[in-house]
Structure formats: C-alpha cells, structure tokens
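Open the model in your viewer and get ready to click around. We'll go from stop to stop, selecting a few residues each time and looking at what is there.

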Amino acid sequence: MPAKHLLITALSVVLFCTCKTKDIPATTNNASVASVMDSVITRLYATVPEEKFDSIDEAYLLQFLSKDEQRILATRYQYFRVNVPVTVSLMRDQGQVVVPFWLQPAGFKKTDLIVRNEEYTYEVWQKDFDAGMVELGINGFDKHRPVYFVSVSPKDTRTSLAVSDIYPSLYNADTLRTGAFTYHDWSGLVLTEVPESLKGQLYFTTVRGRAREAHVIAAFRETAHPSSAKPDQIMLTWSDLPQSTINIQWRNGPEVEQGLVRFWKEHSKDTLEQTATSIRLEDRMLFNDRYANRFTASLKNLSPGAAYQYQVGAGSPRVWSAVNSFQTAPPVNQPFSFVWFGDTHFLPDSGKLVRRAARENPDAAFYSIAGDIVSTGLNRDEWDSLFYRAGDAFANKPLMPVPGNHDRQDGLGAKLYTDLFALPENQPEGVDPELSYYFEYGNALFIMIDATSDVEDHTSWIERILSNTHAKWKFVMFHFPPYNFEEPYEDIQRSWVPLFDRFHVDMVMGGHIHYYMRSKPMREGKVVDDYSKGTVYAISISIPSKHDHLAPEPYAVKQYAGGYFYQRVELGDYELRYKAVDAAGVVRDQFTIKK
C-alpha cells in the first residue's frame, strides 16, 4: 500500500509548504493543463472529422496549439518554488519513443546517468534553476504510463533547501534511494538502481495516471451504447436500511435535466412519486457521448418485506422506462440468499453469466461483485457495456459492490465509480465515501472494503463494526484475497485476519487472482477442523482468464484454473448453504455450515 507522508532530511534540511493552484502568483494566469486540454479537445471535435481522429499525431497537435497553450503545457504539469539555486534531475523512461516536446527547448540535457526499477530503465535529464519557480511540462500527448519523475538538490550543499508552492500537492515526497517506490499506484515497483550522485536527493513521487492528463494520440473512444432521451442503465442500490429504503439510479443524455420515479406496491393502485437528483458525467475522450446525466432517487419510509413496482421517467414531456420491481428486506430475520461474482470486467460472457444468475436465482435479495467490475474504471464506455450486457438484472435486485484496482486505475481515484453507485457513507475516517461501507440484511452483516485504500485506515473500523454487531452470520468482501497461490497479502494477513479470527467471520470473499479457490476453515493462517472454529476464504472469477498452472494450496478444498463462476449463498438461522455455478449452469463446488 502507498507509503505515508515522510519527513525528508537529505543533504540539508528540507521544508515543505504546499498550496493549491489558486495560490500560485498571478503571473501564471491560473491556467492549467486540464483547462487547456478541455479547450483543445473541444476544438478538435469541432474541426476534425471523426474518421481522422486516429491520424492525430504530435506534429499536428503542436501546429494546432497556440503558443500560449504550448507554454502552459510546458510549465504547468508540475511546479514548485525553491529558495536557493538547484539542479533538477528528470528521470524519463527509455521506452517512451517521443521525448516531451518542451524538454530540450527548456534547457534540459540528457546525461549518462541511469535509474532503474524492476520493469523500466530511466535516462536522467538535468537542468540548473535559479532560486524561484521550477516549472515542468507534460509527459507527452500519448498515454505512456511510466511517466517521468524528478529529484532536486541544492547547487551548494552547504545551503538549506526549502521547497514550497508544490503542485500537485497530492503526492508524497521521499528520498531518492534504492528501495523507494516509483508510483503510488504500484507500491511493489521499487527503484533497484540509483546513481551515487543522486542518492539522498529530494524525490517527488507520482502516479501513472498522470499520463492521461494530455492524452490525445490514439485516445478517442466511442461507446456502442450512448445516452439518449430514454432512461437506461437502471440500477438499484442501498445507502440506508434495506427494510425501508432503496436507491434507484439511471442514465439519460445531457439534454435531460429532470428525473422522476413513480412507484407502487404490487397489486395496489396507489402510486407515489419521488424526484431525482442528477450529476453530470464527463468522459472527454468519448467522442460520441462526452456528457451524460446520472440520476438518483432515494425512496424512504417503505414497508418492510413488501414488493414494489416502479418506473423511472425523465425529461419534459416524460419518457418512461419499462416497469421494474424490487422488494424490501423483511422486518424480522427470515431465510434469504444473495449472489456474488468475482472479477467481471465488462466482457460479453460476463454479462451472460450475470443474466444466467438472475434467471436461476429469482429469490436472491441482492448481488455483489468483488472488484474489477470493469477493466478501466476511468472509461465510461466500459461501464456502458457492463450495464448493457447485464440486461435488467441490476434494475430488479440491488447491486452492492466493492472496487478493485481496475475500477480506480492508475492512481487517479474512483470518482466515476462513486458517481455511478449510491452506497452507504459509513466508511472509516480517511477513506473516500462509498468505497468502504457496511450494511446488515436479515441476520447477516456485510463489511465491504476498498482494499486498494490503505490497510491500516480500515483496521480499527473493522474491529468496531465486528464488536458491535449482533448478526449471526458475518461476511467480508474485498478485492485482494489474503490467501492465494500467487500473491499473498501479508499486510492484510497481519492487520485484518486476526480480527476475522477473533470475531469469527464466516466467509471472506475476493477476486483479483483470476482463478477459483475455496478454503477449508482457517484460523491464524492454519486449517482448523470445524467451521465453528475458523473462516472460509473464497476467490472467484467471472472472466475467461486461465492460469497454466496452479500451485498446490494445502488449505484449499477446491481450485479451478479458470472459468466463469457465480456464487449463491443461502442463509437461515442455523444453516449456510453455498454453491459455485459455472457458465453452463453446472454446480462446481458446494458446502454447508451449520450453527
């Protein structure tokens, strides 16, 4: 997981004073890379035919940009103020074919120095700066993910270097050394070779997602399912009590500004209405559907254990959806079932699996997905494909997911994920709302964790939830499985597993490794002889990935190298029944726990 903020002491005492863009002196005109690129892409849409988008290259863009836009792209990607003359070293991946357009004109010179990590080799470019602002430009117009990073050292090592007005201020500073991590979104990728002359320098870390900030070359995408005046992508979630509330969400085109839900109990003529709120979604590289509106209506004061029907309507005059249905949780504990999936991404056969699960489990109370719902969570066209391929499954049963690394890719956060899902806001302090949450349904507790966030931010939160619940059954879902044959997550084993043992969590559900595994009951990392003494760990997959070889896992009851699976869990007061079903409807694993 990403390292915490570090106090840096290198050749001299280094002081930091971060500030936001608006605090930068007025001579910069408060322009930003984002504002320039928004304008550039809007003009490209207006002047370049769609069939020519793929022919846009760097030479074309440099002619297309004004001189002032070029200046901003060459100076506003990264900047900071230094109080003494410094040397800035810029580490650029040798695999990037095109050198950033501004680098040599700005006075940077390539040296013979090399920095390496396990994946990439970086050539070192250097430039001397006087005291004042250090301004650096974009990584390029392509999406070269191993973006450059920089280190800073005072020209005179006897002076104290103070760095302030840092942009972006989101990321940590470190000391350049062997073992330092390169990118926040890839904490396992550390520097393996650093020249002696650079060791100990102030080092600005970054994320690979910054490659997207000026990405234009081969960047334009088209969704096969654009938004329109007709409501679609209808989905149910909960953010409050399942007995008396439901959230209904859907999509419309950007021209539709009003949304309404009308709903009624089954076999009743009394129709109620609830207005919806909306947010504007933007994917600026989606050339046929750059903007869409996402509506959410929160229905409250519903009758427990009741079946309802509803329609969503948008625009004026109203355009209504087909009639869908939902059912609130019963007022007292009754048997129920839920269905969960491993990684689904956005593939056609994953959608078929969701629809099969919906047909075969009409009594399921809700669905869950253990992360990597799509392959690139920043691309709205992939979410469009997911909703289209899932049919109306999520319009009739709530979907309560957790994010995976693909849903918040390249260290840029999960804003599109949180825009799409209205989920409980009972997350731990320091974690963004709706990414980690918990809820109870019937006699069961569900703790849903964003494992791409910091592990330690969750530990006391998990302990508090488990110590306060009276639920008979306890489930935890997160993307990275602590026990697997490929990549054991020792930080999770240290911090969370003792809590699962102490409070007897019945099942931990995950994905990520792209195979199926169900463990024997485990406690303290070892197999125990009864379900009453330990926790079952399950990993599932809902995409066509397949491992060539599975290493033996002494704790595993079942292993499958690949395939599409969904899992049904049925709960009563004293019995849990579990089965894993493949894409052909064949039960591939099952077991029962009795309490």
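Let's start with charged pairs: there are 38 salt bridges here, where a salt bridge means a side-chain nitrogen of Lys or Arg within 4 Å of a carboxyl oxygen of Asp or Glu. Before you click, note that this is a predicted model, so local features need pLDDT of at least 70 and side-chain atom pairs count only at pLDDT 80 or more, while totals for chains, interfaces and linings use all residues. Residues are numbered from 1 along each chain as its sequence is written, and side-chain values use heavy atoms, with hydrogens and water left out.

**Stop 1**

Select aspartate 174 and arginine 177. Their closest N and O atoms are 2.7 Å apart, and the two form a salt bridge. Is aspartate 174 buried or exposed? Its relative accessibility is 5%, so it counts as buried (buried means under 20% relative accessible area, exposed over 50%, partly exposed in between, with a 1.4 Å probe and protein chains only). Arginine 177, at 35%, is partly exposed.

Next, select aspartate 410 and arginine 212, another salt bridge, with 3.0 Å from N to O. Aspartate 410 sits in the loop between helix H6 (393-396) and helix H7 (415-420), and arginine 212 in the loop between strand E12 (202-204) and strand E13 (232-237), so this pair ties together parts that are 198 residues apart in sequence. Those labels come from DSSP runs numbered from the N terminus: helices are H or I runs of at least four residues, strands are E runs of at least two. Both partners are tucked away: aspartate 410 is buried at 3% relative accessible area, and arginine 212 is buried at 18%.

Now pick aspartate 289 and arginine 251, whose side chains meet in a salt bridge at 3.7 Å, N to O. This pair also links distant parts of the chain, 38 residues apart: aspartate 289 is in the loop between strand E17 (277-282) and strand E18 (291-299), and arginine 251 is in strand E14 (residues 246-252). Aspartate 289 is buried at 5% relative accessibility, and arginine 251 is buried at 2%.

To see a whole group, select Asp363, Arg568, Glu570, Glu575, Arg577 and Lys594: salt bridges that share partners join them into one network.

**Stop 2: helix H5**

Select residues 380-389. This is helix H5, and 8 of its 10 residues are buried, so it is largely enclosed by the rest of the structure. Which residues of H5 are buried? They are Arg380, Asp381, Glu382, Trp383, Asp384, Ser385, Leu386 and Phe387. After H5 comes glycine 391, which has a positive phi near 65°.

**Stop 3: isoleucine 492**

Go to helix H9 (residues 490-495) and find isoleucine 492. Its relative accessibility is 0%, so it counts as buried. What does isoleucine 492 touch? Leaving out residues up to four places away in sequence, it touches Val455, Phe478, Phe480, Pro482 and Val497, a contact being heavy atoms within 4.5 Å.

**Stop 4**

Most residues other than glycine have a negative phi, and most peptide bonds are trans. Here are some exceptions to look for.

- Tyrosine 167 to proline 168: this peptide bond is cis, with omega near -5°. Proline 168 is in the loop between strand E8 (162-167) and strand E9 (173-175).
- Serine 316 and proline 317: a cis peptide bond joins them, with omega about 5°. Look for proline 317 in the loop between strand E19 (307-314) and strand E20 (319-320).
- Glutamine 233: phi is positive, about 50°, although this is not a glycine. Glutamine 233 lies in strand E13 and is buried at 11% relative accessibility.
- Aspartate 372: phi is positive here too, near 50°. Aspartate 372 is in the loop between strand E23 (367-369) and H5, and is buried at 1% relative accessibility.

**Last stop: zoom out**

Show everything again. The protein has 10 helices and 35 strands, and its C-alpha trace spans about 75 × 65 × 40 Å along the principal axes. Of the 595 residues, 57% count as buried.
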